[in-house]
Amino acid sequence: MAKFLVENKGPLRGEVTISGAKNAVLPIMAATILASEECVIQDVPDLRDVDVMCQILESLGVKVNADFSNNRLSLNAAEILYNETPHELAKRMRASILTMGPLLARTGSAVVALPGGCAIGARPIDLHLKGFEALGAEIIFSDNQVEARADRLKGGRIYLDYPSVGATENIITAAVLAEGTTIIENVAEEPEIVDLANYLNKMGAKIKGAGTDTIKIEGVERLHGTTHTVIPDRIETGTFMVAAAITRGDVLIKNVVPDHVRPVIAKLKECGCTVEDTIDGLRVKADTGRLTATDIKTLPYPGFPTDMQSQFMALLTTVEGKSTVIETVFENRYMHITELNRMGADIVTDGRSAVVHGGAPLHGASVMSTDLRAGAALVLAGLAASGVTEISEIYHIERGYTEFVEKLRGIGADIRRED
Ligand code: EPU
């Protein structure tokens, strides 16, 4: 089994360039099912999850031409031959559920394996299905799978009980080809939703309001091909910002949209870091003074992202004083705490709160990556710990970070991958 070996070589310094966003490209790739012409997607990160989505699309009949040396994907869904996402691929990636809206709209039926719970929580899909029903689809459950079926979807009014990112994406992609107008209220406002809506509008869809809490969609008869460049990954950006902070370094992070990482900037500043918005990117400096403890609470965008909670917690373990972290998005996203405590951290959980008594020196240990962001947090902790940190189950990390080792080494980190 492959593992990462990480050692503390002092402050990270230099420049790093951020790749296209995983959580933007996956729904965009799925949305390609809606058009019967070629779509070209640029700045595609070379990631395991992207590869799984390519395999899913191919299994449905989409012609996939991947050129990762240029971060470019050409997808042609001229013929959709199947309406069922293969179970073994669906099990490998929860985002496989995002094929459901486009398949339903394009073929009148979509069958997917019911995603089970995952390491970070139960993650049901009730809101996705509620949306499809409001557009006139019939929902049929049978052994471990669910089918949504409708000859032609009809526009409707949908209120989401929670601003779920995936449900918002799935309902948008179902509604773009529906007859009439759809209004979705209390939707997710994440930048990835805006990127998806921009992509669909370039394909001929009529979507307004993405990035606010209400989205209005006028259904159209068909969508055409387009070319689209994916937004930079705000979670990769945040992870490198914390890498600079946890090593008390000075790093310039290029290809970023500062507005997308506002909560991370605010919290790093609260801790005492300097964050400069320069013409070349975001420069994070933590080498000028002592950092101080702070509290974070995860929330849907524009709140502090749950996908940055574990990395920020790793930083807080190195800052003297008491910090409180509250995770409100997922009910079980604290698996990294046991591992951080094995490295000498002092973190106590109580339900959805975690209290970090920071400042105790971290030391290397053999730790396990339990999910993507938890794994990233352990790498960051390893960069600030004495001795060698050995991280196993790194396939989780490789699902979501492109060239993580190379990028970290490029700014002076001592990290290597061993098979
Ligand atoms: N939820 C429901 N019912 C639903 C859908 C969601 O109760 O029908 C609940 C979930 O159980 C969870 C909360 O709503 O407690 C938020 O889930 P959401 O649907 O917003 O998340 P998602 O679409 O499954 C995406 C990202 C996640 C990210 C979350 C929250 C992708 C592919 N995944 O997941 O990314 O944490 O939004 O921002 O976009 C990651 O990249 O590491 C990752 C887990």
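I started with polar atoms at the ligand and found one in the side chain of Lys22, 3.1 Å from a ligand oxygen. Asn23 also has a polar side-chain atom there, 3.0 Å from an oxygen of the ligand. With Val329 a polar backbone atom is involved, 2.6 Å from a ligand oxygen. The protein covers 88% of the 830 Å² of accessible area that the ligand has on its own (Shrake-Rupley, 1.4 Å probe).

Before going on, I noted that this is a predicted model, with pLDDT of at least 70 required for local features and 80 or more for side-chain atom pairs, while totals for chains, interfaces and linings use all residues. Numbering runs from 1 along each chain as its sequence is written, and side-chain values use heavy atoms, without hydrogens or water.

Next I looked up the shell: 22 residues surround the ligand, Asp126 and Ser164 being among the closest (a heavy atom within 4 Å). Helix H5 (126–134) is one of the helices that each supply at least two shell residues (helices are DSSP runs of H or I, at least four residues; strands are runs of E, at least two). H5 gives the largest share, 3 residues.

Then Ser109, which sits in strand S6 (109–113). Ser109 is buried at 10% relative accessible area (buried is under 20%, with a 1.4 Å probe, protein chains only). Its side chain makes a polar contact with that of Glu147 at 2.8 Å (N or O atoms within 3.5 Å, one able to donate a hydrogen and the other to accept it; residues adjacent in sequence count only if both atoms are side-chain atoms).

Last, I counted 0 disulfides (cysteine sulfurs within 2.5 Å). Cys39 is in none, and the nearest cysteine sulfur, in Cys54, is 14 Å away.

Definitions and conventions:
Buried means under 20% relative accessible area, exposed over 50%, partly exposed in between (1.4 Å probe, protein chains only).
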